[in-house]
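Subject: Structure for you to look at

Hello,

Here is the structure I said I would pass on. Please open it next to this message and follow along; my notes are below.

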Amino acid sequence: MTLQPGDGRGPWVLLSYRVPREPSAPRIAVWRKLKRLGVAQIGDGLAALPADARTREHFEWIAQEVRDAGGQAGVWLAEPTDPAQHRALAAEMTAARAQEYTAVTAAAQQAAALPPVQRRRAGERLRAELGRVHRRDFFPPPQRDQAQQAVRTLLVQTDDNQEVPR
Amino acid sequence: MRWATRAGVHIDRAACAWLIGRFVDRHAEFVFLTDSADLGTDTTPFDMPGVDLSHHTGPDGHAECSFETILRRYHLDDPLLWRIGQIVHEADLEDERFDVPEAQGLDVVLRGLSMIRTDDEVLALTGPLFDGLYEYHRRAGVLGREPA
């Protein structure tokens, strides 16, 4: 099956899940993983991502983790009946990533004033953060390019400085 | 022996198949399932949710991928295999536990391959790839630096 995310209408992969309230550790672990994947939370215990081999795989393992913790979970492929729903979900995800990119841009601009060694360290940290945001960015906002440019500028500035130890 | 995993192999399943074929069962035969109910009783499943040889929490409380689980279950303590395990772990779980930048590249290569080849072909192509990774890290260990 070939599934193309972001082609206008889905399909989506959905994770339905219910984790026992106690103990809290597995519940928090699941929550962290979903956050890291950049899911759209459709409702209580229902998360969505554009369907592809990778997103499906991640959901399948999280579902197993939920079951291992004594909860219930399922992984589904879905298409919204109304394209407007698709657009609303995509817009929600785009806005969430835009915020993250904006934070990276701001941090990069701030770090430009630091002495070379700290600047380089900040640049590397932000490059890693940018990679994390990229991985959960399914509908790229214009802020992506600005963030990329800001981090690149920061790293280039440090490269030009001969005193920076490698 | 017959071994089964889910169809549509990616990094963890390709690496597990290599590990099984080279270090666990020289005569391993692999089947790829689209329905987990098709699992025969004479077949050992791996990297499928709910089976033993899959993702688990390791003894130190961290998540581990199926490759690492197989290393544990079959007592494969070769440090080179654990080094490859770090690459597979990062490519598969993406949890930044290990600093292995090559993981992302390998993941991209595997994803691309899986788009144009069958599962059997992916295993045939990635076998030498993992052999090469093993040799690279073996030489790196001997030299104490990255081999040319």
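What pattern does chain A follow when it is read along the sequence? The pattern is β-α-β-β-α-β-α-α-α. Please keep in mind throughout that this is a predicted model.

Chain A: strands

The secondary structure of chain A amounts to five helices and four strands. An open sheet of four strands is found here, with antiparallel pairing and the order β2-β3-β1-β4. β2 (40–43) and β4 (72–78) of chain A are the edge strands; each has a single partner strand, so one side of each has no neighbour in the sheet. From one strand to the next, the twist averages 25°.

To see one pairing in detail, look at β2(A) and strand β3 (residues 46–50) of chain A. These two run antiparallel and are joined by three bridges. A:A40 stands opposite A:A48, which belongs to β3(A).

Chain A: helices

Helix α3 (residues 83–111) of chain A packs against helix α4 (residues 116–135) of chain A at an angle of about 170°, and the two axes are 10 Å apart. Angles over 145 degrees count as roughly antiparallel, and that makes α3(A) roughly antiparallel to α4(A).

Which residues meet where α3(A) and α4(A) touch? On the α3(A) side they are A:R97, A:E100, A:Y101, A:V104, A:A107, A:A108 and A:A111. On the α4(A) side they are A:R119, A:A122, A:G123, A:L126, A:E129, A:L130 and A:V133. By type, the residues of this contact divide into nine nonpolar, one polar and four charged.

Another helix of chain A, α2 (residues 53–68), contains A:D68. Is A:D68 buried, partly exposed or exposed? It has 15 C-beta neighbours inside 10 Å, so A:D68 counts as partly exposed. The cut-offs behind this are 20 or more for buried and 12 or fewer for exposed, with partly exposed in between. A:D68 is twelve residues from A:R56 in sequence, and the two are 18 Å apart in space, C-alpha to C-alpha.

Two figures describe chain A as a whole. Of its 166 residues, 31% are buried. Among its contacts between residues at least 6 apart in sequence, 78% join residues at least 24 apart.

Chain B: strands

Chain B has an open sheet of three strands with parallel pairing, in the order β2-β1-β3. Its edge strands are β2 (29–33) and β3 (43–45) of chain B, and each pairs on one side only. Neighbouring strands in this sheet are turned against each other by 35° on average, direction ignored. Strand β1 (residues 2–6) of chain B pairs with β3(B) in the parallel sense over three bridges. B:R2 stands opposite B:T43, a residue of β3(B).

Chain B: helices

α1(B) and α3(B) pack with their axes 9 Å apart, at an angle of about 155°. They are therefore roughly antiparallel to each other. B:I11, B:D12 and B:A15 of α1(B) make the contact with B:I84, B:V88, B:A91 and B:D92 of α3(B). The residues of this contact divide into five nonpolar, no polar and two charged.

Nonpolar cores

The largest nonpolar core has 28 residues, and B:A14, B:A15, B:C16, B:F67, B:I70 and B:V88 touch the most other members. At least two residues of this core come from each of α1 (11–24), α2 (66–73), α3 (79–93), α4 (102–116) and α5 (119–143) of chain B. α1(B) supplies the largest share, eight residues.

What does B:A14 touch, leaving aside its neighbours within four places in sequence? B:A14 is in contact with B:V9, B:L110, B:V122, B:L123 and B:T126. There is also a second, separate core of 22 residues, with A:W12, A:L14, A:V39 and A:M93 among them.

Where the chains meet

How many residues does each chain bring to the contact? Chain A brings seven residues and chain B brings six residues. On the side of chain B that touches chain A, there are one nonpolar, four polar and one charged.

Regards

Key: Residues are numbered from 1 along each chain as its sequence is written. Chains are lettered from A and ligands numbered from 1 in the order in which they are written. This is a predicted model: local features need pLDDT of at least 70, side-chain atom pairs count only at pLDDT 80 or more; totals for chains, interfaces and linings use all residues. Two residues are in contact if their C-beta atoms, placed from the backbone, lie within 7 Å. Ala, Val, Leu, Ile, Met, Phe, Trp, Tyr, Cys and Pro count as nonpolar, Asp, Glu, Lys and Arg as charged, and the others, Gly among them, as polar. A nonpolar core is a set of buried Ala, Val, Leu, Ile, Met, Phe, Trp, Tyr and Cys residues joined through C-beta atoms within 7 Å. Two strands pair if DSSP finds at least two bridges between them. Axes are lines fitted to C-alpha atoms, for helices over the stretch in contact, and angles run from 0 to 180 degrees between N-to-C directions. Angles under 35 degrees count as roughly parallel, over 145 as roughly antiparallel, 65 to 115 as roughly perpendicular and the rest as oblique.
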